[in-house]
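The entries follow the order in which I looked them up.

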Amino acid sequence: MKFPPLNFGSLALPTPLLLSPLAGYTNLPFRRVIRELGGVGLCTTDLVNARSLLEKNRKALKLIESSPEDTPLAVQLFGAVPGEMAAAAQYLESIGVASVDINMGCPVRKVCQVGGGSAMMTELGRTADLVRGMVNAVRIPITCKMRLGWDDDNLTAPDLARALEDAGATAIMVHGRTRQQGFDGSVNLAGIRRVVAAVRRIPVIGNGDITSPEAARFMLEATGCAGVSIGRGAFYNPWIFAHTSHYLRTGELLPEPAFAERVRVMTHHLDLMVEVFGESLGCTMFRKVGPWYAKRFGPASFFNKGIVRISTLADYHALLAQYIEWRAQFLDEIGQLLPKYALRPHALNFRDDPENDAPPVTQRTAIPVPAGPNELW
């Protein structure tokens, strides 16, 4: 099966692989890391409040901060006031943003209670009117990201996708869970496939638990979606875009990066955090980033206990040196993890649905998500 590049609106992307917005994480430093490693077609910012953007709120402007190499770039907006959303899209177009994505899937209460995020899935007509106003206000593509519905009794995504296509949306991104699920349970591939079947012309991009090249291909083949959007899987494995692009082209699975390469990229990520946010804030923010890299280090309790206390680059480098020395006890004579500590392959977490022709896959009841009210999406 061939997987062509992804096109929507005026955008022609080199690969069908997108970086999903993940609040508190998909900032400029991480996007630069992903782009340098290769394979990604489009990156999207953290979700941004449209009103805060129009008010030139300092934090909102920091969320959309970019650089010449950070292209093409989409900005994800949330909000429920049509005029504000259209005006925010116009502002983003004026500063060179390639596409605007509307968040209709965020399950966080503070987003839903103002009518944004998943709440937008409960009022199809009103939501379609908001999208139509944004489409008419700008020339750049307007896309929409949604969940399958509010809960299992209200799987509104297919109907909403058709309505949004009629309103002028150029692509639909769908996370294969309901708002009620949060990030628990498994991704419903049959639900994504129903969204693919509902639209007539625009691409549907699947999302949810893509943690390996095999998972990306599995979702593409099982649902017929035109691309996949990867969020948390990119934090488990920043190489996932490059490796998945290679796998889709050749059928060959590249080996996982060696420990030294993981450390190199992690350190570069921290350096970029310091460059963008300053040493104190950059190191503080990195306290929640380091443990994601450590998930593929093998034994990492020593590192995880120390990384949450770093305040300077010197702290980080001292910890890293101590950790490398501590980690040696788990290695064989050639520096590889002993068999009992070897890394397990990433598991697929897709629902076995009677309507889904895909073969059975390994399931988990939940997967780890970032903690805190701002970082659940």
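Entry 1, strand pairing. I took two strands as paired if DSSP finds at least two bridges between them. The model is predicted, and I read each entry below with that in mind.

I looked up strand 5 (residues 73-78) and found that it pairs with strand 6 in the parallel sense, over four bridges. I noted Leu77, whose bridge partner in strand 6 is Ile102. I then followed the chain between these two strands: it leaves strand 5, passes through helix 4 (residues 82-94) and reaches strand 6. This β-α-β crossover is right-handed.

I next looked up the pairing of strand 6 with strand 7 (residues 142-147), which is parallel and runs over five bridges. Here I noted Val100, which stands opposite Ile142 of strand 7.

How many of the residues of strand 6 are buried? I found six of its six residues (99-104) buried. I also sorted the residues by direction: Val100, Ile102 and Met104 point one way, while Ser99, Asp101 and Asn103 point the other way. All of these are buried.

I found 15 aromatic pairs in the structure. I examined Phe259 and Phe297, whose ring centres are 5.1 Å apart and whose planes stand at 80°. Planes over 60 degrees apart count as edge-to-face, so this pair is edge-to-face.

Where do Phe259 and Phe297 lie? I located Phe259 in helix 12 (residues 259-277) and Phe297 in the loop between helix 14 (290-294) and helix 15 (301-307). The pair therefore ties together parts that are 38 residues apart in sequence.

I also recorded the pair of Phe297 with Phe303, again edge-to-face, with 5.7 Å from centre to centre and 70° between the planes. Is Phe297 buried or exposed? Phe297 has 0% relative accessibility, so I counted it as buried. Phe303 is buried as well.

I then looked up the cluster to which these rings belong. Phe259, Phe297, Phe302, Phe303, Tyr323, Trp326, Phe330 and Tyr341 form one aromatic cluster.

I looked up two lysines. Lys56 lies over the face of Tyr91, at 4.4 Å from the ring centre. The charged end of Lys288 sits over the ring of Tyr25, and I noted 4.9 Å to the centre of that ring.

Note on methods:
Residues numbered from 1 in each chain as written. Predicted model: local features only at pLDDT ≥ 70, side-chain atom pairs only at ≥ 80, totals over all residues. Heavy atoms only, no water. Phe/Tyr/Trp six-rings, centres within 6.5 Å; stacked < 30°, edge-to-face > 60°. Buried < 20%, exposed > 50% of the residue type's maximum accessible area, 1.4 Å probe, protein only. Lys NZ or Arg CZ within 6 Å of the ring centre and 35° of its normal. Right-handed = clockwise from strand over helix to strand, strands pointing away.
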